[in-house]
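Work through each task first, then compare your steps with the solution.

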Amino acid sequence: MLCSAGVLLGMSAGSAEAAEVSYATHCVPPAGIDPVDGTTKVEITAPATAKVGDTVDVVWKFTQAAAKNPDIIDLPANSVQPSGTLKASGAQTADIAMQGPRENPAIPKGGAMVLSDMKGALKLTTVGEVKLTPDAYTVNAMSTDTKCTPTETVQPSATIQVSAGDGTPTKSSTPTKSSSPTVTSSASHGTGQTDFTGKEVQIPYKCQTPLGPKSATSPVQINAKKNGGSFDLTVQFKKSVMDSPAPIPKGSVKPSMDITLGGADKGTVHVEGPTNSSDIKTGDPIAIPDLTGTYKPGASGKSTLSPGVLTVKALGTTTTCTPTKTEVSLTLDTSGQPGGASGGSSTSGGTSSSGGSGSGGLAETGASDHGALKALGLVSGTAILLGGAVFTFLPGRRTR
């Protein structure tokens with residue numbers, strides 16, 4: 001689904017002459033979309049020469065996509081982020097982590113994918129020739145991942161001639177843009193750190209919907225910001241969208257989640273997102289906001305946060321999605337607070353729910369709700385809002 005095309009990058013005077021490499025690629029999009037076999041073209045830019053001890057910056061540029069954006073959704077601007085692995089071989093071997101910023105123009109259905117340049121760094125340790133070869137990469141769009149893997153041997157795209165040095169690390173002359181991403185480890189809580197980035201985890205859900213049980217897997221990420229003795233939490237769905245299967249009125253769709261605590265602390269933390277702020281027409285994209293809330297620790301030590309039960313209230317019905325298994329997204333060093341969550345729930349933050357029941361049933365609150373349910377569920381299909389994406393089940397129609 002989400003393979004690549006990029007923007008040309010000017011090479012500085014001290015950079016190697018990058019050679020474009022082309023390789024067959026197998027890409028696995030999110031569930032419901034067929035895998036793609038295509039050709040990826042990449043250029044790697046790096047210094048032509050350097051010394052042992054230097055840390056050099058390298059740039060990965062996509063020049064041709066293996067596939068276009070499928071005819072499912074329009075991708076809004078700044079919604080797509082690539083990451084991948086660059087292989088170093090020859091005088092030294094290493095896997096270089098590469099990542100680009102979430103920067104792209106709006107990409108229409110069926111349009112060419114446009115990905116930002118990815119950057120990484122390599123500490124040179126050995127005299128000789130170091131070859132740089134692109135390998136597997138992942139494209140994250142609207143909190144869903146498409147994983148792309150070479151299906152043939154890939155040729156090197158750039159070479160660095162490494163000479164003897166004094167071992168003192170220096171930065172290369174390759175320019176670094178201010179938009180180059182900074183990756184924060186969710187498990188590293190140094191002194192004074194206030195922002196903690198969780199790991200994106202794939203959570204399989206079993207959902208009870210108006211038309212019966214459904215299953216889906218969703219990527220979820222939990223981030224935290226320290227606020228006194230508590231933490232402000234954000235369950236990040238990155239404005240995930242899918243087309244609406246039926247007209248949805250303003251203020252009628254509201255997601256929430258109970259984050260599961262583990263490790264030193266026990267219990268749950270309730271987070272919520274606002275309702276849709278405007279009417280959604282049939283075929284229009286549905287934007288899912290981030291879910292927010294406050295975690296007040298009830299115990300001291302290393303406490304884990306994992307995605308838990310997801311509840312979606314829409315048009316007088318409640319769909320409850322329960323993980324069949326879960327995974328830790330974030331670990332925090334916590335200090336127990338009076339009235340904290342240990343063994344119970346932490347519910348501060350977010351806004352109150354409107355309509356439906358949070359107990360997991362499929363509430364119908366009146367004739368008008370029943371009519372809306374028919375419009376949403378029986379005529380056009382059932383929309384399950386899950387992990388920031390809307391999974392639409394359409395009778396007799398296969399999602400392409």
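A disulfide is a pair of cysteine sulfur atoms within 2.5 Å. Keep in mind that this is a predicted model.

**Exercise 1. Find the disulfides and say which strands they tie together.**

Solution. 
- Step 1: Search the whole structure, and 2 disulfides turn up.
- Step 2: Start with Cys27 and Cys148, whose sulfurs are 2.2 Å apart. That lies within the 2.5 Å cut-off.

**Exercise 2. Work out the handedness of each disulfide, and decide whether its cysteines are buried or exposed.**

Solution. 
- Step 1: Look at the torsion about the S-S bond. For Cys27 and Cys148 it is about 115 degrees, so the disulfide is right-handed.
- Step 2: Repeat for Cys207 and Cys321: the torsion is about 115 degrees, so this disulfide is right-handed.
- Step 3: Check the accessible area, where buried means under 20%. Cys27 and Cys148 are both buried, and Cys207 and Cys321 are both buried too.

**Exercise 3. Describe how the rings of Trp60 and Tyr137 are arranged.**

Solution. 
- Step 1: Count the aromatic pairs in the structure: there are 5.
- Step 2: Take the pair of Trp60 and Tyr137. The centres are 6.0 Å apart and the planes make an angle of 70 degrees, which is edge-to-face, since angles over 60 degrees fall in that class.
- Step 3: Locate the partners. Trp60 is in strand β4 (residues 55-64) and Tyr137 in strand β8 (residues 128-141), 77 residues apart.
- Step 4: Widen the view. Ring pairs link Trp60, Phe62 and Tyr137 into a cluster, and both Trp60 and Tyr137 are buried.

**Exercise 4. Describe the surroundings of Asn104.**

Solution. 
- Step 1: Find Asn104 in the loop between β6 (94-99) and β7 (118-123).
- Step 2: Asn104 has a relative accessible area of 6%, so it counts as buried.
- Step 3: List residues it touches beyond four places away in sequence, among them Pro76, Ser79 and Val114.
- Step 4: Look for polar atoms. One in the Asn104 side chain lies 2.9 Å from the backbone nitrogen of Val80.

Conventions. Residues numbered from 1 in each chain as written. Predicted model: local features only at pLDDT ≥ 70, side-chain atom pairs only at ≥ 80, totals over all residues. Heavy atoms only, no water. Phe/Tyr/Trp six-rings, centres within 6.5 Å; stacked < 30°, edge-to-face > 60°. Helix = DSSP H or I, 4+ residues; strand = E, 2+ residues; numbered from the N terminus. Buried < 20%, exposed > 50% of the residue type's maximum accessible area, 1.4 Å probe, protein only. Polar contact = N/O pair within 3.5 Å; in protein donor to acceptor, adjacent residues only side chain to side chain. Contact = heavy atoms within 4.5 Å.
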